[in-house]
Amino acid sequence: MSAFLIKAALLGIPLGILIGRLLLARLHIGLWSWLLGVPLGLGLGLGLLWVIPSGILAYLISLVIMACIFSIISLGLNVQWGYTGLFNIGIAGFFAIGAFTSALFTKAMPTGVEAIYTKQAFGLQLPFLVGVLGAAIVSGIIAFLIGFPTLRLREDYLAIATIGIAEIIRLIFQSERWLANGPQPLRGIPRPLYCLFQDPPCEWLPKVVQGWLEPLEPTDYNFFYLLIVVLFVGLIYLAIERAIRSPWGRVLRAIREEETSTAMSGKNIFAFKMQSFVVGAMIMGIGGALYAHYMVSIDYAHFTPLYGTFIIWVMLMLGGSGNNRGAILGAFLIWGVWVGTTFLTDLINPLLEAISPALPARSPYLRYLLIAILLEAILLWRPQGILGEEKRVSVLFEEKR
Amino acid sequence: MPSKEEKIIIPNSGEEEIPVPLDPHSQPELTRLDLKRRPCLIDIDKAKRFLSARTFVIAALVGLAVLLGLVAQAKGVTAGLILRLAVYGVMLGSIIALGAIGLSLVYGVLRFANFCHGELLTVGAYIALGLMGVLPRGEPLRPFSFGWEFLVAMVAAMGITGAVAYGLHWALFRHLRRRGSSSAILAMSTLGAAFFIRSIIYLAWGPDFRFYYWGRPRPAWQLPLGVRFRPDQFFILCLAIGLVILLYLLLERTKMGKAMRATADNPELARITGIDTARVIRWTWMIGGGLAAAGGVLLGLDAQLRPEMGWWTLLPMFAAVILGGIGNPYGALAGGLIIGVAQQLSTAFIKTTYKPGVAFLIMILILLVRPQGLFGRRS
Amino acid sequence: MSLLEVREVTSGYGEMEVLHGVSIAVEKGQIVSIIGPNGAGKSTLMKTIFGLLRPWRGEIYFKGEDITGLAPDQIVRNGMCYVPQLDNVFPSLTVQENLEMGAFILDGDITPRLERVWELFPLLRARRRQRVGKMSGGERQMVAMGRALMLDPKLLLLDEPSAGLAPKLVDEIFARVIEINRTGVAIVMVEQNAKKCLELADRGYVLADGRNRFEGTGKELLDNPDIGRLYLGGLKADAQ
């Protein structure tokens, strides 16, 4: 029974925050929105646990976790493209760097039997948050190094350069065995506070708390990871929203709109572009880290141009580039489409079989087709995306209101 | 009444300096004229111009090649190996060049980056594969490993791919251009088109390797200095040269070719002159697609067919285009050959998987030192 | 019926209105000069006539037919050609190729037309295989004008033909303009060099702030002291 309550709480906290935020925005009731929102969220959490069968609920939770991870990467791209106009087609590179860096920071060096089939450059066994921080920093450093020769270039030259970089990064992770066990997967990436769900729960907890946590199963861990990921999304969202309304954010937008005039007013365009590029890359690195700790096992094939770059672009373009909520919305929608099409292809398998016996096996590639068509449709008929670009006003103005 | 006249020297982009007399007393208050020329050991502008001059860059490339050659000697890499790699590099480079030429033409006439150009190679290769499946298989044409059905399929694939390329423009890019979309949006659209094409190829042929011919012996000629060159590879080289010659004749001798060059120079003036820019664009796509298809078919002949084969050539092709100068098809040819040779030679030192990295490095270097490429004009 | 009639044309760029109801008329074989200060809308008027800009209001009639809103390549077929002020040649093509492009819409032998251009600009014949990008400003201007003549237009639009040229070349260009006019081609010329332009004009229009300000014969405008003071820099006074 208490497991039920704990899980409901884990679900309810992010739901409560979301509801509270919505109430705050729509009803303008100040502090009351949180006081109402959190209980509502808990209630909703309880309701969901009660009504939805646990198998389906677990599946939905894993969906939402992935969507949140992609939201983070999408937010990073929004800083680079939506706000500064940097055409980065090398997202997969930063995604990969974030993931592998966090993995290596938090893993231990392999010993015993494991050492025979796993090779890695280092394993620092640092805590999760340090891993995530490390992922962000390393991503940022790589972005800085890449940015130096490429950010002065025209838009499309930057695009070509970033494609090249992402490919090289993927090649490195694929071929250099000593680095991260490439091309074999790097397994056993530790999950934050996983011990809470083990039997017996974490040793460092007082006995009383261990008693509360006893009924939780390892399979319930994703409830907790969902909370972590949602917190990251929320924090990053708030941070970017704040930054964009600052003078720094306004310069970025000016660069995107009219670079020459901005340069003539004395702003160091290159420095601002570099800052935006690095910040965006750091956010993408955080996304990669969260991905690694969720998947527990990663390899170079997770970071292909389609899966690691193209899909993020479609997410951002669908949601609305230049709009942070659009970035998150687009991520959820496209991930939903991506996953939904697996069910769809199962349905139409008989039709595929009729066209050609080899087709059903290749049905996953239908998803690529669909996503590509979706992007073209967006570009042709609604290039501003669903939510369009946000009208942004200075922080000062909003506070007066 | 000017009392004391000072002269301030204004540096000119040409050779002369311009002395301008100024009366410091007529300046607004708080203005300070820095009339003394600050001593400088190096004239930065002159240095920059020298470093980016074409002859210097070419000399630097040659010097780099020689240096690498010496390093290779020191590491015990034989001259024979170097030569063999270079010869193979020329052949691969000519395949890259076929794609790069089309890419350069599209870039010059339409002014946006076509990220689906690699997929046009793949399309050409697979369409030829499909056609060879329905054509009766004949005897191989000695000494090559392919029969007449291969040649027919290749020519047909070139035409079909050209139509596909124009079809993409007609369905997608044309509308975006008319709307005045930025070149980034257009490039993004080509990226989407690339994934669209690749997914269709995956669906139609699956992800496995394919070959034009299974189990045919492919003996190699033994040339002096330990160079081994297959007759097929010789054919590839000759065909590429032939296609380039045909392109040259088209661009220099025919009205449409000249119109293409004119439109690449100045699209607005081309409209004003009465040039049918729609027809020029159609031809550009068809030629670009056709050349890419030839490249893909030849690549498939030399190695194998896989759905990612085009994407792997995208980076070398762009590097070749930038190296040669955007919009200059002959520059793209030179760029392709250089990239091909550089990539192959690099395998003597580093792992083969990093070949695209070499192309990338060259591209970055050129973008830093001489962004208009070897044969482009400083815009 | 005038060769070219521009009636109350309003047009501009994006949302900015530059011409506010401008009218001009050109008769067959006339030279018409359009002068005025910078920003008056002279180039905008040219581009609107030639179809590079769509008029928001007003009509344009050429040879009695309504050409308002037609695209440049259609207007070219009707017998009107345009020489822009900047970027008016194809730099990577040779002189001859530039001229050949001028006759793109025609099939068949264009050698007689080339001959006519060589007669008008003998210097170009000697340089026919030279890449235009390497030529001087004056030579380029000749190529640009020659290119526009390849189609035997009835009306030629010249946008500041003397811009950026040394004074001696300016005289040469204007002499060529007169020669071209003698073959029966009407010319509309926009110029900064107002005095010389009005001297050879049959008719002149002064535009300011996107509106008609003065019109009359070339001589009338030259003699007008107001125009002299405002737009000709008091040159008439200097000449006396």
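**Note on the chain contacts and on chain A**

1. Two pairs of chains are in contact, and chains A and B share the most contacts of the two. Two residues count as in contact if their C-beta atoms, placed from the backbone, lie within 7 Å. This is a predicted model: local features need pLDDT of at least 70, side-chain atom pairs count only at pLDDT 80 or more, and totals for chains, interfaces and linings use all residues. Residues are numbered from 1 along each chain as its sequence is written, while chains are lettered from A in the order in which they are written.

2. The A–B contact takes 33 residues from chain A and 31 residues from chain B. On the chain B side, α5 (148-178), α6 (183-205), α11 (309-324) and α13 (355-369) each supply at least two residues. α6(B) gives the most, with 14 residues. Helices are DSSP runs (H or I, at least four residues) and strands are too (E, at least two), numbered from the N terminus.

3. What about chains A and C? They do not touch. Their nearest C-alpha atoms are 16 Å apart.

4. Chain A has 17 helices and zero strands. Its C-alpha trace spans about 65 × 60 × 55 Å along the principal axes.

5. Chain A has 401 residues, and 44% of them count as buried. Buried means that 20 or more other C-beta atoms, placed from the backbone, lie within 10 Å of the residue's own.

6. Look at the contacts in chain A with a separation of 6 or more. Residues 24 or more positions apart account for 76% of them.

Notes: Buried ≥ 20, exposed ≤ 12 C-beta atoms within 10 Å, placed from the backbone.
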